[in-house]
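Please keep the sequence and the structure in view while reading.

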Amino acid sequence: MIKITPVHLAPNAFQKMSCKLAIQLLSRSVAASIKTCVATGQLKSSTAINTANFFITVNVIFDSGNSKNLFDNNPNKRPLSVKNPQVFSNLKKSISTFKNLVKINHKNKKKSTPPCFSGMVWTSTALLNLYESELVEMTEKYPENAFFFMTNRLTQDPLENLFSIIRQRNGYNRNPTARTFRCCFGSICSYSLMKCSDKCNCEEDDDEYLNVDVLKECLIDHPNPDLIETDLDEEQNNLVSDNSSETSSLSLDCSPIPASLETCTVVYFSGYLANKCLEKFKCVDCYSNLITEKDLNDKNQLLLTYKTFDNIFTNTKGLKMPSSILLKISNICLAIFERKFEDIKIEKKVVTQLTNDATKKIVKNTSILNSSCKDHYMYIIELLFRTKMYKECKWITSKLHDKEIQQVDKLKIFRNN
């Protein structure tokens, strides 16, 4: 939620045209946060769940119209194919949903259909019809090959990224001539020495321009995602079984904390830290000490549950349930950060100071840092502080730049009195 700023709630005339801001607001993360607040009783609005469901519907439609990988972790971002029936159902649902949607004017109660609603119906219908027409043609030409359709190739992002690279090639020439465009295009396709800016309003399209290295005939064996996930499950089970004989002595007695958006966020953030640690070190002991099984009855795991895709395996890659040990470490570090960061934020080596204080506190409460995985835990602590500092500094910066926006009457309801 650190990406949601006052700009998303009260954009100016230019910011209203930014697709990036709209997609960040109408996202699964915002919907999961709203549902978590409703489940914990922090949000009393009777229409909050409807808002969250609408966000998820729009997010799923965006994903289905932006597929560019065959085996994406997000099942909704996979290409149109007979192996991905969920994408077809998403597009058909968008047609039925937006065909019946209307906008109600709260002043005069008049109903109207905005052009964007009709546009969603036309776009979804066009995607399905284009797939059907291409399927017939490609099946006749290549009956032995499975047909799939990448919807990302129909967006304007690849074209805008190409034009941005051509402008950079000419020292940011906003209006290149036809001769200049032809020369730059040939040079870029030959050498592929430039890439589009990371700060643009378009996603990277993962294009690879044709050159001598690319034009090689080679066979590519596409992995079966079901076999990959099965192998991962077997590997994880073997890791746990191998380590089950050595019972960890690092268990901590944690008193239950009432569920809230903050506690659910700490659980989600701790799972993120555990995932980063496991990816970096691939330690068997860390896997058994940092990760635990998901429990749907635990209200502190509500954000994890709502963030997980509906039609994907429960052990989604990246969404880890942290153990009580890791939660204890995270709570200690967050408490130290809240207490000390305001006083030392202008000093040098802020992360080092915070890490030293957290280490002393953790040593007093547990012997976890005396284990063989001490370096791994120190990596988690430093990553936690760096991530928290990034979030805090970004939020402070947004407040300084958006003082005028924060005075808008619409934002007064979000202030804590």
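## Salt bridges

Glutamate 342 and lysine 345 join their side chains in a salt bridge, at 3.0 Å from N to O, a salt bridge being a side-chain nitrogen of Lys or Arg within 4 Å of a carboxyl oxygen of Asp or Glu. Glutamate 342 is exposed, with a relative accessible area of 51%, whereas lysine 345 counts as partly exposed at 37%; here buried means under 20% relative accessible area, exposed over 50%, and partly exposed in between, with a 1.4 Å probe and protein chains only. This is a predicted model, in which local features need pLDDT of at least 70 and side-chain atom pairs count only at pLDDT 80 or more, while totals for chains, interfaces and linings use all residues. Residues are numbered from 1 along each chain as its sequence is written, and side-chain values use heavy atoms, with hydrogens and water left out.

The structure holds five salt bridges. One of them pairs lysine 388 with glutamate 338, at 3.5 Å from N to O; because lysine 388 lies in helix 15 and glutamate 338 in helix 13, this pair ties together parts that are 50 residues apart in sequence. Helices (H or I, at least four residues) and strands (E, at least two) are DSSP runs, numbered from the N terminus. Lysine 388 counts as buried, at 16% relative accessibility, whereas glutamate 338 counts as exposed, at 55%. Glutamate 392 and lysine 391 also meet in a salt bridge, at 3.9 Å from N to O, and lysine 391 counts as partly exposed at 28% relative accessibility.

## A buried lysine without a partner

Lysine 307 lies in helix 12, which covers residues 302–307. Lysine 307 is buried yet has no salt bridge, and the nearest side chain of opposite charge, that of aspartate 63, is 10 Å away; for charge, Lys and Arg count as positive and Asp and Glu as negative, while His and the chain ends are not counted. Leaving aside neighbours within four places in sequence, lysine 307 is in contact with Arg28, Ser29, Ala32, Tyr268 and Leu319, where contact means heavy atoms within 4.5 Å.

## Nonpolar cores

The largest nonpolar core has 42 residues, and those with the most contacts inside it include Leu290, Ile329 and Phe385; such a core is a set of buried Ala, Val, Leu, Ile, Met, Phe, Trp, Tyr and Cys residues joined through side-chain atoms within 4.5 Å. Among the helices that each supply at least two residues of this core are helix 10 (261–281), helix 14 (350–365) and helix 15 (374–401), while helix 13 gives the most, with eleven residues.

Isoleucine 329 touches Ile362, Ile368, Tyr377 and Ile381, not counting residues up to four places away in sequence.

## Helix 6

Helix 6 (residues 115–141) has 27 residues and reaches 38 Å from its first C-alpha to its last, close to the 39 Å expected at 1.5 Å a residue, that span being 1.5 Å times one less than the number of residues. Its buried residues include Phe117, Met120, Leu127 and Tyr131, and what covers the buried residues of helix 6 includes helix 4 (48–64), helix 5 (85–100) and strand 1 (103–104).

## Cysteines

With a disulfide taken as a pair of cysteine sulfur atoms within 2.5 Å, the count comes to zero. The sulfur of cysteine 183 is 6.8 Å from the closest cysteine sulfur, in cysteine 184, which is too far for a bond. Cysteine 183 is partly exposed, with a relative accessible area of 42%, and cysteine 393 is partly exposed, at 39%.
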